[in-house]
Amino acid sequence: MQSTCDTPSTIAGYSNAMLPDPFQFPNGTRVTTVDEWNCRRSQIAALVQGYEAGTLPPKPSSVTGSFSGNTLTVNVNNGGSSISFANTITYPSGTAPAGGWPLLIAYDGGSIPVPSGVAVLNYNIGNIAQQTDTTSRGVGLFYNLYGKTATASAMTAWVWGLSRIIDVLEVTPAAMVNTAKLAVTGCSRDGKGALMAGAFEPRIALTIAQESGAGGDACWRITKTEGDEGVGVQPSTEIVQENVWFSTNFNNYVSNLNVLPYDHHLLAAMIAPRALLSYGNTDYAWLSPMSSWGCMNAAHTVWQALGVPQNHGFVEVGGHAHCAFPTSLVQGLDAFFDTFLLGQTVSTDYFSTNNVFGSAQWVPANFINWTAPALTGSSTSSSTSVISSITPTPVPTTSPTTVPTTSAPAPTGAPVAKWGQCGGIGWTGSTTCTSGTTCTVLNAYYSQCL
């Protein structure tokens, strides 16, 4: 163990082609207790900000708010600068339970079915930080407050805005929200943001990241390998040219990923022991399905070490459009809502892939060279038992299939829903987007309705 918890934002001289060990401090000592994991988590948070996310500012000097109708207004003052933003909450029918309604904070409204008994806040993230393209850098209310040259990426700014929403909810009983029962969700680019929110905001009890791909629940290193093996993934070198989801500093590392002393298995593991459920879609190679599966297997060892593997789920199937939610997955989704927001006791044992990775093959030994310890002490979770031994072997998968890895086309001529694919090399589906969205070229292989 180490005597103090140092949190450097970068580590000079680091180089590792494997996924960095979640249980090793930068000085080489091992994590052996829950308290030490909390220190390690703080170190990971500093590294993510230092390399790719930019600085997440603390709570400003003044945060106030109000609630009227179904609208929650947040007012922030910091150093003489002020901003305000509002979001609407949709409530279930009936009388609120004692303590208020559980709440799902949905980036841009979300795209998952929400069970009865859960309120939904439609989080307009574009107000906080725009994400049109690279010209959106420094545009949004967050940058009005902290300056256009603030290092925070758009995703980091969204986390900051979500935290301010929670600040106001905590002191606004009229909103009838139980702030001990909060969840966050988003899909695609918003799924990346939801994962970041769960990692950096400990008041979130349940994080649901849907089809977040590269920059989300996929690991940078594994995605590069997947691409090298012939799969049309979105590499780190391309994603920084697409939008402002990452800090400008990340551009310095995308061509030499081995120098990163973290990867996104550690970003996801920051959520532990709280609940994380993420979804992949093997019909879209661009989402790096092998990388998401491998990355979440690596992250899963942290929940195992903390004695709460049931708090982490991952499901990866195909046969549906991007950001559509198959009815076959509703049971597992509801199980996580029931357990972590609605106070029920049901099984959350959902961790599988259909193994459809095209020309790529997941080989754990190529990326995982550590053994997870059984951490002593108690985690702040519904279950605090510590299992006797843990190894980083992958969770058993569902039976492999031979479904092709090309994107599942929408019926020719049928409008494509928001976030769905509408073009790109090899695309044979519809190129018409639903009303209010436009088919936007993200790269030669992928166009999306935005």
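Biologist: In this predicted model, which handedness does the link of C219 and C295 have?
Modeller: A disulfide joins C219 to C295, with an S to S distance of 2.0 Å. The torsion about the S-S bond of this link is 65 degrees. The link of C219 and C295 is therefore right-handed.

Biologist: How many residues apart are C219 and C295?
Modeller: The C219 and C295 pair has an S to S distance of 2.0 Å. C219 sits in the loop between β7 (206-210) and α6 (220-228), while C295 belongs to helix α9 (residues 289-305). The pair links distant parts of the chain, and the separation is 76 residues.

Biologist: Is C219 buried or exposed?
Modeller: Buried means under 20% relative accessible area. The relative accessible area of C219 is 0%, so C219 counts as buried.

Biologist: And is C295 buried or exposed?
Modeller: The cut-off for buried is under 20%. C295 has 0% relative accessibility, so C295 is buried.

Biologist: Which handedness does the link of C187 and C323 have?
Modeller: C187 is joined to C323 by a disulfide with an S to S distance of 2.1 Å. About the S-S bond the value is -100 degrees. The link of C187 and C323 is left-handed.

Biologist: Which handedness does the disulfide of C5 and C39 have?
Modeller: C5 and C39 form a disulfide with an S to S distance of 2.1 Å. The torsion about the S-S bond is about 105 degrees, so this disulfide is right-handed.

Biologist: How many residues apart in sequence are the parts that C5 and C39 tie together?
Modeller: C5 lies in the segment before α1 (34-53), and C39 lies in helix α1. The pair therefore ties together parts whose separation in sequence is 34 residues.

Biologist: What does C5 count as, by relative accessibility?
Modeller: C39, at 12% relative accessibility, counts as buried. C5 has 37%, and values between 20% and 50% fall in the middle class. C5 is therefore partly exposed.

Terms used. Residues numbered from 1 in each chain as written. Predicted model: local features only at pLDDT ≥ 70, side-chain atom pairs only at ≥ 80, totals over all residues. Heavy atoms only, no water. Disulfide = S-S within 2.5 Å. Helix = DSSP H or I, 4+ residues; strand = E, 2+ residues; numbered from the N terminus. Buried < 20%, exposed > 50% of the residue type's maximum accessible area, 1.4 Å probe, protein only.
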